[in-house]
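Please keep the sequence and the three-dimensional view at hand while reading.

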Number of protein chains: 2
Amino acid sequence: MTPAQFRKYGKKVIDQIADYQEAIESYPVLSPISPGDIRKNLPKHPPEKGEAFDTILSDWQEKILPGITHWQSPNFFAYFSANASGPAILGDLISSGLGVQGMIWATSPACTELETHMMDWLIDLLDLPKHFHSTTEGGGVIQDTASNGTLCALLAAREKATQFKSNESGIQGELVAYTSSQAHSSVEKAVKIAGLGRKNLQVIEVDKEFAMNPNALEKQIKKDLEAGKIPAFVCATIGTTSSTAIDPVQRIGEICHTCDIWLHVDAAMAGSAAACPELRHIHDGLELADSYAFNPHKWMLTNFDCSAFFVRDREALIRTLTILPEYLRNPATESGEVIDYRDWQIQLGRRFRALKLWFVLRYYGKEGIQEHIRTCVELAERFRSWVEEDPDYELLAPSPLNTVCFRHKKGDRFNEQLMNKLNEDGKICLTHTRLDGKFSLRLAIGQPQTKEKHVIGAWNRIREMASRLDRS
Amino acid sequence: MTPAQFRKYGKKVIDQIADYQEAIESYPVLSPISPGDIRKNLPKHPPEKGEAFDTILSDWQEKILPGITHWQSPNFFAYFSANASGPAILGDLISSGLGVQGMIWATSPACTELETHMMDWLIDLLDLPKHFHSTTEGGGVIQDTASNGTLCALLAAREKATQFKSNESGIQGELVAYTSSQAHSSVEKAVKIAGLGRKNLQVIEVDKEFAMNPNALEKQIKKDLEAGKIPAFVCATIGTTSSTAIDPVQRIGEICHTCDIWLHVDAAMAGSAAACPELRHIHDGLELADSYAFNPHKWMLTNFDCSAFFVRDREALIRTLTILPEYLRNPATESGEVIDYRDWQIQLGRRFRALKLWFVLRYYGKEGIQEHIRTCVELAERFRSWVEEDPDYELLAPSPLNTVCFRHKKGDRFNEQLMNKLNEDGKICLTHTRLDGKFSLRLAIGQPQTKEKHVIGAWNRIREMASRLDRS
């Protein structure tokens, strides 16, 4: 494709995306298709000869779009949001267009330097502990996902707890990791990947607000120490996936500090809230953390993937993950003056993801991001108040941020049917979780296009559908 | 940013990228900046208020672009190429614009189905073994990088070799992995991550063409078996990073088959060549592989990231990586009728990467991709012949594909200086490796814009610079 053709088709694609943004509320939020529906309309083999770009574009609209669930719809209240925004999309477009590789500083210096700079900007924006700043012994890096952040933290913890011998000789001793029963599934996955074994993940009980019970943690650590095991890693959560519960990081941090255990704090969804001073209390105790992750790609207007990961001791991370083959040796690396982010992550290759973050932070400014967060939190508060006032419904968890866990009082089966009917209907999309064994609906507000009318609409729709279900 | 603003600014960005593509040869290929040069021009803190998009765009051009190394330049001969193309960039743009999540089928069915379909198309395009096809017990998935493909393969091998008990109980027994001394650094990294320990990675010697010596592999396996160890994983390479050497996969596969060892084949760069029937011999023996990876993002016109990963036994992979928290339960998953790619990779979240691959395969067709590969291979052959004919230069390795390893006969120091001078000069960019201890220049041809004149220009530049260096 020549630059002239790219110019022409690129503008068509931009128009299509803008049209899509304008029409987004007209689509059923959850794609209504059945397994196999998309594949059956596609030819079995790739074409021998190239096809016209216009044909491809119209096939995209006709054959693929109907199988899309519209995550950017203002009526999408499922899972956690995966924010996108115009500046982020365009930053990402430039990243794709240039096709640069940021595996090491030398492969494209601006890619690394802008990333370091953006990580420092995020520290400023969220008022994160200074020991994560690039001018200290710590630092930040963009990971693809918080899952990989957790894995990197666990690996560094594994090495630190075994004097960096596990990398060389395999797992040394019975290392134990701790997290709450409400933590993200990626903690268990990381424990398995890193070779600790799931049985060495101690799942700590939560209190009635679904936050980790620090006394239970302390007790378990003591028990493990007495049994000759090596407590190596605690993952605390700020904003659990089920209900945005906030673990008591201060208390957990003190325990970790006393017992010399690596504390990772996973604030994948919730972290962005700290852009607002009045919500910054979610990070209380964070100065005790060894590592921390939050995802601008969830709630900070930056499209997937973009997970900000910070460590207190960058040497521990780098020593764990470094590899330097001959073909990547270069004077800049050997000078020690530069950061090579290859050594801060699992993969080698890396996109220029800092660009979209830079675009977002500049286009919206602190104020714009704060406004986005505040709108979501206020709308969630309002929704919660409606649930509270309705005698047919109950709340199942506190909702400190943008997610409300609630249900109709008619029990599990009714609520599951209610959710399925709502999603089938296509006007809104929401998902569920289980809290204290109860099937709970979750309404998570995170899309920048979601206004009060959408949340009112969702509440009306839920009650209407429940009445209909009740009568049937 | 409203849809109308997105329409306006999006077109500006498209114009900028097209302008960039047109002017790409006017930039110094390797960015000439020094550490800190980019950061020092950026404000220390993020802005309080949002800024105009035009300001951001012009800052991008003035403050960031000078720090970019131009991987898409036709004069970029370093590392391995990281192909981009118009259709890929625009497919990726739609993926960003829609912001869908493909972690499971239910979160956006088309995202999963198009991916499965594209993996099957790639089997057709490269004539890969049928046991990787989605209609068999195997299947394909898009990973971000071949590093993660290797890690996933190793993890599945680890579990299979220990009756799936390592996930639960930690590494069971002394598991051993094998790869050649020329394999990619990600093998060692994966072995460390997975908890086997680097000392359990047996690095097998290579023959004079830098391909793994299968007799040495066999001997080592026997030795390990006698010592009570568990040989679990062999990673063979088709197209090593240093010199594109091709391991004897058929022979290695037979050994693995006899000893019941998981064979992973890493063809990250070279795999795309199999689109051409006359180059398909690089895959001889691949029907014995348990898993296989190649990167369309290297040599198949699809921008990073897009690594195609295939397994023979999808159950082994899924059983190794699956996690199903309540909030992701859904009827489609429970029906067993759909693929949930979350269980095929390390991370949870995933972009809609199949879209760009679909755009590329359709826009270029089999013929277009073959033409691209053939041009690169022919240009490399031509370059090799010039080196061969020049008495001042020598070849250091066979060049079966697109990469020529060569050097001036004046030895290590001279060649290192030569490379640095060439890269400083900015007209071309190339990197080095070491072969048999000798500092070797590498010229890798992979950019679709690279024509004969660029390769002639590179050769003239190299000889000119060498003469100048010789005189100085």
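Which residue just after H7(B) takes a positive phi? The residue is B:Gly195, and its phi is about 85°. The structure is a predicted model, and the points below are grouped by topic.

**Confidence in the model**

- The mean pLDDT of chain A is 96, and 100% of the residues of chain A reach 70 or more.
- For the model as a whole, the scores are ipTM 0.96 and pTM 0.97.

- Contact between the chains involves 120 residues of chain A and 120 residues of chain B.
- On the side of chain A that touches chain B, helix H1 (residues 3-23) of chain A gives the most, with 15 residues.
- By class, this side of chain A holds 53 nonpolar, 41 polar and 26 charged residues.
- The copies meet through the same surface, because 100% of the interface residues of chain A are also interface residues in chain B.

**The domains of chain A**

- The domain assignment divides chain A into domain 1 (1-30 + 69-84 + 365-472) and domain 2 (100-351).
- A distance of 29 Å separates the C-alpha centres of domain 1 of chain A and domain 2 of chain A.
- Domain 1 of chain A gives 22 residues to the contact between them, and domain 2 of chain A gives 23 residues.
- On the domain 1 side of this contact, the elements of chain A that give two or more residues are helix H13 (354-389), strand S9 (403-408) and strand S10 (431-435). H13(A) gives the most, with 6 residues.
- The residues on the side of domain 1 of chain A that touches domain 2 of chain A are 12 nonpolar, 8 polar and 2 charged.

**Helix H7 of chain B**

- Helix H7 (residues 185-193) of chain B is largely enclosed by the rest of the structure, because 7 of its 9 residues are buried.
- The buried residues in H7(B) are B:Ser186, B:Val187, B:Lys189, B:Ala190, B:Val191, B:Lys192 and B:Ile193.

- Strand S1 (residues 139-143) of chain B runs antiparallel to S7(B), and 5 bridges join them. In this part of chain B, B:Gly140 stands opposite B:Phe310 in S7(B).
- Strand S6 (residues 291-294) of chain B also pairs with S7(B) in the antiparallel sense, over 4 bridges. B:Phe294 has B:Ala308 in S7(B) as its bridge partner.

**Backbone features in the loops**

- In general, most residues other than glycine have a negative phi, and most peptide bonds are trans. The items that follow concern these two properties.
- In chain A, the peptide bond from A:Phe304 to A:Asp305 is cis, with omega near 0°. A:Asp305 lies in the loop between helix H10 (296-299) and strand S7 (307-311) of chain A.
- In chain B, a cis peptide bond joins B:Phe304 and B:Asp305, with omega about 0°. The loop between helix H10 (296-299) and strand S7 (307-311) of chain B holds B:Asp305.
- A:Leu301, a residue other than glycine, has a positive phi near 65°. A:Leu301 is found in the loop between H10 and S7 of chain A.
- Is A:Leu301 buried or exposed? A:Leu301 counts as buried, because it has 28 C-beta neighbours inside 10 Å.
- B:Gln163, also a residue other than glycine, has a positive phi near 50°. B:Gln163 is placed in the loop between helix H5 (146-161) and helix H6 (166-169) of chain B.
- Is B:Gln163 buried or exposed? B:Gln163 is exposed, with 8 other C-beta atoms within 10 Å.

Technical notes:
Residues numbered from 1 in each chain as written. Chains lettered and ligands numbered in written order. Predicted model: local features only at pLDDT ≥ 70, side-chain atom pairs only at ≥ 80, totals over all residues. Contact = placed C-beta atoms within 7 Å. Domains from an automatic or database assignment. Nonpolar A, V, L, I, M, F, W, Y, C, P; charged D, E, K, R; others polar. Buried ≥ 20, exposed ≤ 12 C-beta atoms within 10 Å, placed from the backbone. pLDDT = per-residue confidence, 0-100. Pairing = 2+ DSSP bridges.
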